[in-house]
Structure formats: structure tokens, C-alpha cells
Amino acid sequence: MKTVEEIKAAIEAAVPGAGVTIVTNPGPAAQHSLLLVPGSAIAVATFLRDDTDLALDFLSNVTGVDHLDKEIAEKVKVTRQVSKTVDGVEQMVEETVEEARKHVEPGYLEVVYHLFSMAKKHGPVVLRMRTQNRSDKVELPSFTPVWRSAEFQEREVFDLFGVVFKGHPDLRRILMWDAFKDYPMRRDYVEPDDFEYEPTAHDEVLARAQAHKGTQQGS
Amino acid sequence: MAVDESLKIELGKQGVFVTTLQELYNWGRRSSVWPMQFGLACCAIEMIATTMARYDLARFGAEVFRPSPRQADMMIISGTVTKKMAPQVVRLYNQMAEPRYVIAMGACAISGGPFKQGYNVLKGIDRYIPVDVHIPGCPPRPEALLQAFITLQKKIDAQPLTGEGRPRHLDENAPGEFPVPVQGEHDLEPAANKNVWSVPVVIK
């Protein structure tokens, strides 16, 4: 099978302005993936499916990844004018000061697709797409029109992560009930506090059990 | 009113059969407890095995699995009750006619089991409906289900027809319908039926 670089080159030759980047995997598996831009994703996916060399006709797996907002603290060197007394005379001097700055790198939701070829018996090719943030801009194009097997799995990613797939024929919750508002697989999800006692409590569960102690158990 | 057991045996030797209405009534009830044909997860496979020839639940008069709650006397909660399924389980229980019994089979049905700390699994069906027999195990063996069934039969046998501890269908003040939980925005509402379930007290 072609390497990720060769696939990237093939995509860029076939789809102008595809905007594909390679996300490397530093681990021993070295399973690198292709990060797609939502705008051209459908064209790229259709190419990957229909290309005679690749013939990625089977979408095996769709999954989601949640990346939280990251607060990055860094030290920046800043030059500024400071008044100083030099040899008894007050004058303005330029001074370089280190300043601690913090900025928030917005988090995103990522969807990962694993593709195989039944015809050529090769794979996987891993595709990724990222939303702009985790709150309101969570739309990504759906691959269901390209690979039918994406339908239920994209519904699952919608249900558990809250990624909205544009062009999905039937985007409803699949595991949780319709009135449910949360997204349980997100990292900041707070699960309902619905168990009051724990016979063998430990760690987080112990803290939770102690919070309930004295309220309902009366001990 | 109970008949003296030794007198009963003595009279039996003389060809006189003595019984009470309560004994007859309970004998009839316990010998034809028809379960509902209803499985939730892997425990259902063990439940099916129990009904087959090797373990043969028919020996105890419970071989007729009814596909309708209207015709069933017993509900075997065989497996994980998810929060999505819990309202339906309570609704099916409400649709069963009295006298009705519940066996909670396996770790999931009695407490949530290995999924207790998850967000989508009910921590025991006894939060919403009264359970007669709990069986631990993951899943329990068919023998355990038979044991639970015999325990239930003993329980039925011991029920008086009048006074304290009489079965629900002979008690006009007993609740006939149990509130079905609503699937809310974050969890089932309410999280438990306070008339049925209270927080277990941990004894140290």
C-alpha cells in the first residue's frame, strides 16, 4: 500500500486545494494519519473510495476524541522604558523584563475514521477531522453519503461527543434517550450523582461516598 | 389457622386428608408461576438454559414463558437495566396482573454490578419496583436461578391470606401501580422510588 505521504500527494493531485496535513504518530506503531479540512473532506473521501490504486471501499470504524481547552503559560521577554537613577541623574532606560503570560488554546473535538480496502486487501488509512471549538462550532461534514457504514457510528459520535454531522440522513441520539442533554464521553462531563453508598469505596468514589455520609445514611 | 403437623400425618395414615384454604390457595399459586418471556442481557442466556432439559424449570411449574405481561406472574430481571430501558421495565411490571413477583438476577440487576460507576446503568432495579428475590453472580448459574425460584416458592407458601404480610392482591391499600421514571435531561427522575427503596445502611 502507499505510504501516508504518497496518499497525501495523490489526494493533492486529484483534489485541488485539499489542504491535507499529516498527523504523525510518534509511537512504535507509527500509524500516521491524514488531517482533513472540513470544506474539502467529502471530495477527498470520494477520491479515496473511487481511486483504483487505493480503493478504500470499507469504513471500519468512526470514533471521537475530545481535546479540552488548554491554558498555556509561557515567559515572554518584553523591552520597555523604565525610569532609573543613573549617577544621580534620573533618565529613561530601556530594560528587558521577563513577563509571564497565559493564553488559552481553544480545544476541539476530533473525529477519526479508519478505512480499509476489501478489493485490494490493504489498510488501514486513518483520517481525522477537527471542529473549530467544543461549544458552538462543532459541525463537520458527514461521510455517510460516501460510506454507508458511517451512519450509526456517526450517530454514536454525535450522541456521546456532540459533533454535529452535516449531511447525515438521520442524526439522532442512538444510545442515550432523546431528552438527554449531556455528552457523556466528553472529558468535562459530570455524571449524575445517583449512587448513595459504596461497599468498597476508594479514590474518587470514596470522596463521593463521604460527601453523602451523614445525609442519608445517618452514620 | 394452621393444622398441627403431626396430627395431619396421623390422620393421613387413617385415610383422612386435612388441609386449610390457605395451604391449598398457596399451593396453587406457587406451583404455576409463569415467568414473563423477557431477557435484558447475558443473564438471559442462563435463564434460557434453566428452562431447557438439563436444568428443567418445568419441574417447579414455571416452564410456560408468556410473551405478554398480562399473562405472566413473575418477571425475571435477567441482566443490566440501562437507564434507557428502566422506564419500560417498570411499565411492563405495571402491566402484569397481581399476584406478581420479581426475581432480580445477577449483579447488574441487583446493584448495577460492574457498570455501577457508569452514567447509563441503573444501580439496581429495586429502586423502582419491589424485588422478591435477589441473586448475586455474574451471571448466576442455572442452579442459582433454581434456588431463587425455590426461595420464591417458599416465600409464597409462607404468606398468610389475611392480616399482616398478606400478598398485595389481597391488600386493598397496597400500591397497584408503581410510578414510571421519566428520562430527564441528565438522569432518570426521580432517581429512586422512595416508597420502595431506601439507602442501605452500611454496618461496620
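The domain assignment of chain B, which is automatic or from a database, gives domain 1 (1-30) and domain 2 (33-153). The C-alpha centres of these two domains of chain B lie 32 Å apart. This is a predicted model: local features need pLDDT of at least 70, side-chain atom pairs count only at pLDDT 80 or more, and totals for chains, interfaces and linings use all residues. Residues are numbered from 1 along each chain as its sequence is written, while chains are lettered from A and ligands numbered from 1 in the order in which they are written.

**Chain A: overall build**

- Chain A has four helices and nine strands; helices (H or I, at least four residues) and strands (E, at least two) are DSSP runs, numbered from the N terminus.
- Along the sequence, the pattern of chain A reads α-β-β-α-β-β-β-β-β-β-α-β-α.
- Chain A is more spread out than a compact globule, because its radius of gyration is 25 Å, well over the 17 Å that the globule rule gives for 219 residues. The radius is taken over C-alpha atoms, and the rule is 2.2 Å times the number of residues to the power 0.38.
- Taken along the principal axes, the C-alpha atoms of chain A fill a box of roughly 85 × 65 × 35 Å.

**Chain A: burial and contacts**

- Of the 219 residues of chain A, 22% count as buried. A residue is buried if 20 or more other C-beta atoms, placed from the backbone, lie within 10 Å of its own.
- In chain A, 57% of the contacts with a separation of 6 or more come from residues 24 or more positions apart. A contact needs C-beta atoms, placed from the backbone, within 7 Å.

**Helix α2 of chain A (residues 41-50)**

- Its buried residues are A:Ala41, A:Val44, A:Ala45 and A:Leu48.
- They lie on the same side of α2(A), because they cover an arc of only 100° around the axis. The arc is that of the directions from the helix axis to the C-beta atoms.
- Their cover includes α1 (4-14), β2 (33-36), β6 (108-117), β7 (122-130) and β8 (139-141) of chain A.

**Helix α3 of chain A (residues 150-161)**

- Its twelve residues reach 15 Å from first C-alpha to last, close to the 16 Å expected at 1.5 Å a residue. That expected span is 1.5 Å times one less than the number of residues.
- α3(A) is mostly covered, with ten of its twelve residues buried. Among them are A:Val157, A:Phe158, A:Leu160 and A:Phe161, and also A:Glu151, A:Glu154, A:Arg155 and A:Asp159.
- The buried residues of α3(A) pack against β3 (58-67), β6 and β9 (164-166) of chain A.
- Just after α3(A), A:Gly162 takes a positive phi of about 85°.

How values were computed: Contact = placed C-beta atoms within 7 Å.
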